[in-house]
Amino acid sequence: MGRAVIYYILLILLAVGSVTFFVRKNINYSNAYEDSTVNEVLVSSKLHTFEPGGYQSEYAVIPAGVDISQDQFDDDTYATLLIDNETHNPIVSYNSLRRIYPASTTKLMTALVVCDALYAGKISLDDEITLTHDTTISEEGALVSQMKAGYTITVRNLLYGLLMKSYNDFAMILAEYVGGDVNTFCDMMNTKAYQIGATGSHFCNPHGLHDDNHYITAYDMYIILQEAEKYEIIREIDSYDTFTYTYKDSEGVEWKDDITPTNQFLAGTYKLPSNITIDSWKTGTTKLAGNILAMNVTIDGKSYSLFVADSVSPDDLYDKIGILFNLTK
């Protein structure tokens, strides 16, 4: 009998102790984090919200995990997106929120950061940059210019070569000039992406050559394209089908280089229908990223954004772009 009493008393004490423990833990948990331990969040005055009249009044919103009219693209593209910019409605969306490698479409974000420095008066298009060292680009097939240590070139010419010809060394030169070093510039790229709402992207370099942790989404590139439209110098560069830039060698002798766009509609390799004009664009190609083209276009007076990351070939890429053109009708 005595043992039973002792047993029940122990059970009661255990129950009381357990309740007290959990109550105290919950009380302590609610006050576990002090203000000093919470990371500061960078908030831009232009940061979009999902309140009525906010984000979706300016950009299309793609529901997560939802594909739209993807049947002609899901076999041989990594991602595809077509948006009517007047209604903000997606016409095609395939893997548009999936992380993919951006290749040289990265350079459009690089240009945005450089242009922010231009508009803030920190640098000028006429600034002359003399290279203090050679720029090493080791990836096979990557486009590079003739620039070497001791050569001098302006910011304006660097921007043209960056966006039109996609010179990878130009991206590095601009990053070092604007950011002081490449890592700092990449931080600026990621901050800019966050500020404009391209939060599914991460940039490890200014050129887009492969890095496992360097990625975008098709939707983020759509947002980046819309941001690019705000910069007159980018719209100007994207309208050219040829350009001659100049630079000086280490002896001060001026040289010229004639370049054509990597966008093969502008270069003339593929015919652009007469009712279509290209407003802004960027191409990209690496072994792992495939062949990419992101564009804002005007078709019969209406604005559209499109993105294709093709896994097959350049020819297949432009065939897919043609399908998107037809789907706007």
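**Figure 1. Serine 69 in its loop.** Serine 69 is found in the loop that runs between helix 2 (55-58) and strand 1, in what is a predicted model. Its phi is near 50°, a positive value in a residue other than glycine. With a relative accessible area of 46%, serine 69 is partly exposed. As background, most residues other than glycine have a negative phi.

**Figure 2. Serine 166 between two helices.** The loop between helix 4 (155-165) and helix 5 (168-179) holds serine 166, whose phi is near 65° and is likewise a positive value in a residue other than glycine. Serine 166 is buried, and its relative accessible area is 4%.

**Figure 3. The whole chain, as a setting for the close-up views.** The protein has 329 residues, of which 47% count as buried, and its secondary structure comes to 10 helices and nine strands. Among contacts between residues at least 6 apart in sequence, 63% join residues that are at least 24 apart. The protein exposes about 16,900 Å², and carbon and sulfur atoms supply 51% of this area.

Figure 4. Strand 7 and strand 8 pair in the antiparallel sense over 10 bridges, and tryptophan 281 stands opposite methionine 295 in strand 8.

**Figure 5. Asparagine 263 and its contacts.** Asparagine 263 has its place in the loop between strand 6 (254-259) and helix 9. This residue is buried, with a relative accessible area of 0%. When its neighbours within four places in sequence are left aside, asparagine 263 is in contact with Ile278, Trp281, Thr283, Leu293, Met295 and Tyr318.

**Figure 6. The hairpin of strand 5 and strand 6.** Strand 5 (residues 243-248) pairs with strand 6 in the antiparallel sense over six bridges, and tyrosine 245 stands opposite aspartate 257 in strand 6. Five residues lie between the strands of this hairpin, where glycine 252 takes a positive phi near 85°.

Figure 7. In soluble globular proteins, nonpolar side chains tend to be buried together. The largest nonpolar core here has 71 residues, of which Met109, Leu159, Phe170, Ile224, Ile234 and Phe307 touch the most other members. Helix 3 (residues 106-119) gives the largest share of this core, nine residues. Phenylalanine 170, not counting residues up to four places away in sequence, touches Ser145, Met147, Ile153, Asn157, Leu158, Gly161, Leu162 and Tyr245. A second, separate core has 20 residues, among them Leu266, Tyr304, Leu306 and Val308.

Note on methods: Residues numbered from 1 in each chain as written. Predicted model: local features only at pLDDT ≥ 70, side-chain atom pairs only at ≥ 80, totals over all residues. Heavy atoms only, no water. Pairing = 2+ DSSP bridges. Helix = DSSP H or I, 4+ residues; strand = E, 2+ residues; numbered from the N terminus. Buried < 20%, exposed > 50% of the residue type's maximum accessible area, 1.4 Å probe, protein only. Contact = heavy atoms within 4.5 Å. Areas by Shrake-Rupley, 256 points an atom, 1.4 Å probe, with all protein chains shown as cover. Core = buried A, V, L, I, M, F, W, Y, C linked by side-chain atoms within 4.5 Å.
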